[in-house]
Amino acid sequence: MSVEQEIVENAVSTYLKSSSPDLMTDWGSLGTLSAKDSMIDVLGRIQDIFVKETAKLRRRRNEEHSSLCKLPQELLVEILLFSVDWRFWSVNSLQTLARVSTSWRDTILSCTRFWSVVDVAASPAAREVAMKRNLEGTVELRCGRYLGPSRVTSFVRDVKSVTPIRQRSVFYELRSGTSDFMDHLRSNNSTITDLLLSNLDVGPSEAYLELSEEGSNLRHVDLSGATLQWQSPRLAKLRTLCLRDLKSKIPSSNHLYTILSSSPQLERLCLMNIMSLYDRGLGSVPTPSPPIRLPHLKTLAFDYVPTPILTGIVPLIQALACHTVTVHEDEVPELLELQETTTELIAKPISLSKTLKLKLDVEDGTCLHIRPEPVIAKECVYWARDQPGVDVKLAIPSSQVLPPLWRVLGNALRSHGGASAITSLEVDWAGQEFQFPFTLLEHCPILASLRLIDYPGTTLYPLIQFLGGNSVGGSGVTSGQPFPLPNLNSFCFYAKTIPNLEDCVSVTKALLEQRYPVKRESDAAGDAKVLTDLRLPFPLVHAVQQHGVVTSLDFKKLIRGTKVMINVLDT
């Protein structure tokens with residue numbers, strides 16, 4: 001008899017003898033209807049026993065052999081907390097997670113951190129469950145979705161039953177009908193460390209929260225259309241400062257300087273759509289002032305803020321670890337002055353970007369637009385995931401400031417690892433008196449795509465010289481490769497005129513023949529780094545074809561596999 005058969009026989013016979021001695025296992029003796037019904041009931045209970053025993057055995061197996069169950073309880077708690085989607089926290093979502101295993105259920109039910117949310121959107125019954133599970137732990141108050149006055153009244157009543165010292169975080173969408181909750185906050189905010197307020201439809205006075213003079217330092221401040229008293233000593237040691245859509249009670253330059261200087265652990269700084277009718281009222285930062293050192297800052301966004309704040313604060317910020325930088329303003333000439341601190345600020349975002357766009361604009365005051373397309377997340381601080389990059393415009397007073405800019409930027413890039421991750425570079429250049437940033441190309445060793453717009457065409461000749469391995473403006477091959485940009489497979493140049501056509505023909509012919517020579521039969525086929533896309537002005541294309549080029553590239557044909565395509569641009 002097998003082990004399985006022995007277990008089943010022992011379990012069934014033992015149960016039948018102990019619970020139903022009058023019922024024999026001989027099926028022939030079940031002659032009456034009641035006897036049959038009794039046996040059906042017995043077998044059903046046996047099935048229940050097997051289910052329970054199976055669950056016990058599975059639990060024992062997990063406890064003794066599962067690596068997850070062997071984890072320390074503290075580590076398992078952190079893993080489960082990380083798996084909760086806190087944006088959509090609910091009792092139902094925790095119940096779903098708890099059904100995975102008995103161990104997970106016991107952990108979730110016994111740990112107060114899973115039940116820290118008191119939400120106006122939850123039903124009173126669900127909120128009561130959460131509050132009973134968390135009688136002593138910290139609490140996050142959420143007053144978002146509006147479900148009517150009775151729901152708000154019930155929510156505020158529950159909030160008042162929580163000991164004020166336990167209240168740590170507030171997520172509040174201010175709207176008509178929720179003023180009772182704001183009244184509670186005004187008198188009970190001394191222990192609040194995370195403050196996320198969004199004004200949807202109330203006036204400036206209703207959206208103003210005065211912080212208690214004494215209390216915990218705030219950690220995360222994320223305000224949209226809501227304001228505080230900016231001189232509060234609790235606005236120190238911040239980790240996040242995000243201000244959006246402010247039209248009144250705007251912090252002065254001096255207040256911002258004080259807040260930032262006292263928050264060396266700041267990780268995210270976003271000022272967006274700050275509108276002031278009287279910029280002079282914002283004051284200015286005293287000169288000279290010590291720099292604002294923010295070694296942990298990851299995101300900096302100053303988008304459409306008053307000029308005194310922009311020009312007074314940003315140049316003082318030292319944040320070498322910053323990976324996302326955006327500065328937007330309507331008045332380009334009043335943007336960022338070209339300073340070494342500003343160049344160092346944008347170096348790491350550039351080094352982390354895969355795409356870099358440069359545009360030299362000379363129409364409304366010369367400025368350089370640097371744009372590797374960052375993304376500033378619109379979500380509040382808890383769930384924001386910004387994408388690395390930089391989008392700034394730097395004032396360029398003369399052509400003499402550009403060479404030092406590239407030198408300082410190069411030094412800053414070297415301090416971040418020596419080379420960038422840029423694979424695509426797009427340049428819209430004014431040409432003529434402004435020198436093209438050849439030194440910047442040295443920091444793009446894996447560049448695959450180079451696209452240049454220079455309508456005067458003055459950059460074409462030196463650029464082709466550079467690609468051919470010649471030193472231009474102090475730049476040349478430094479990587480040990482025979483030619484710069486060894487991964488380049490797409491080169492596009494757009495111009496309306498070519499001031500030195502014959503010279504360009506000569507260097508283009510030399511570039512194609514030397515960089516892409518005709519392969520011998522013994523050479524290996526399938527060069528992965530071959531040029532696959534070449535776009536040059538039509539007069540140059542025509543002249544090169546007339547001279548004849550001995551190269552492995554068949555640029556007379558469209559792209560086919562590794563073949564090259566030349567697109568004709570009308571002059």
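## The largest cavity

Helix 15 gives the lining of the largest cavity its largest share, four residues. This is a predicted model, so the description that follows is of computed features. In this cavity, about 90 Å³ of space is found. The elements that supply two or more residues to its lining are helix 14 (460–467), helix 15 (501–515) and strand 20 (533–537).

Which residues line the largest cavity? They are I464, L467, L488, F491, T508, L511, L512, R515, Y516, L531, L534 and L536. Sorted by class, that makes ten nonpolar residues, one polar and one charged. A search of the whole structure turns up three cavities of 30 Å³ or more. As for how such spaces are found, rolling a probe the size of a water molecule over the atoms shows where empty space is left.

## The largest pocket

Let's turn to the open spaces. The largest pocket has a volume of about 980 Å³. Its lining is made of 32 residues, and the closest to the pocket centre are W86, D194, R219, Y382 and W383. If you have the structure open, these five residues are a handy place to begin looking.

What classes of residue make up the lining of the largest pocket? There are 13 charged residues, ten polar and nine nonpolar. Helix 3 (73–83), strand 2 (139–143) and strand 3 (167–174) each contribute at least two residues to this lining.

## Salt bridges

How many salt bridges does a search of the whole structure find? The count is 15, and three pairs are described here.

One of them joins the side chains of D158 and R127, with 2.7 Å from N to O. D158 sits in helix 7 (residues 149–160) and R127 in helix 6 (residues 124–133), so this pair ties together parts that are 31 residues apart in sequence. Are these two partners buried or exposed? D158 has 17% relative accessibility and counts as buried, because the cut-off for buried is under 20%. R127 is buried too, with a relative accessible area of 1%.

Another salt bridge links R239 with E267, and their closest N and O atoms are 2.9 Å apart. R239 is found in the loop between strand 7 (227–228) and strand 8 (240–246), while E267 is in the loop between helix 9 (253–261) and strand 9 (268–274), so the pair ties together parts that are 28 residues apart in sequence. R239 is partly exposed, at 32% relative accessible area. E267 is also partly exposed, with a relative accessible area of 32%.

R105 and D106 form a salt bridge as well, with the closest N and O atoms 3.5 Å apart. R105 is partly exposed at 38% relative accessible area, and D106 is partly exposed at 31%.

## The chain as a whole

Stepping back, the protein chain has 16 helices and 21 strands. Of its 571 residues, 46% are buried. The accessible surface of the chain comes to about 29100 Å², and carbon and sulfur atoms account for 52% of that surface.

What share of the contacts with a separation of 6 or more comes from residues 24 or more positions apart? In this protein chain, the share is 70%.

Notes: Residues numbered from 1 in each chain as written. Predicted model: local features only at pLDDT ≥ 70, side-chain atom pairs only at ≥ 80, totals over all residues. Heavy atoms only, no water. 1 Å grid on protein atoms, 1.4 Å probe; cavity = no way out; pocket = protein on both sides within 12 Å on 5 of 7 lines; lining within 4 Å. Points joined across faces, edges and corners; volume = space filled by probe spheres on them. Nonpolar A, V, L, I, M, F, W, Y, C, P; charged D, E, K, R; others polar. Salt bridge = Lys/Arg side-chain N within 4 Å of Asp/Glu carboxyl O. Buried < 20%, exposed > 50% of the residue type's maximum accessible area, 1.4 Å probe, protein only. Contact = heavy atoms within 4.5 Å. Areas by Shrake-Rupley, 256 points an atom, 1.4 Å probe, with all protein chains shown as cover.
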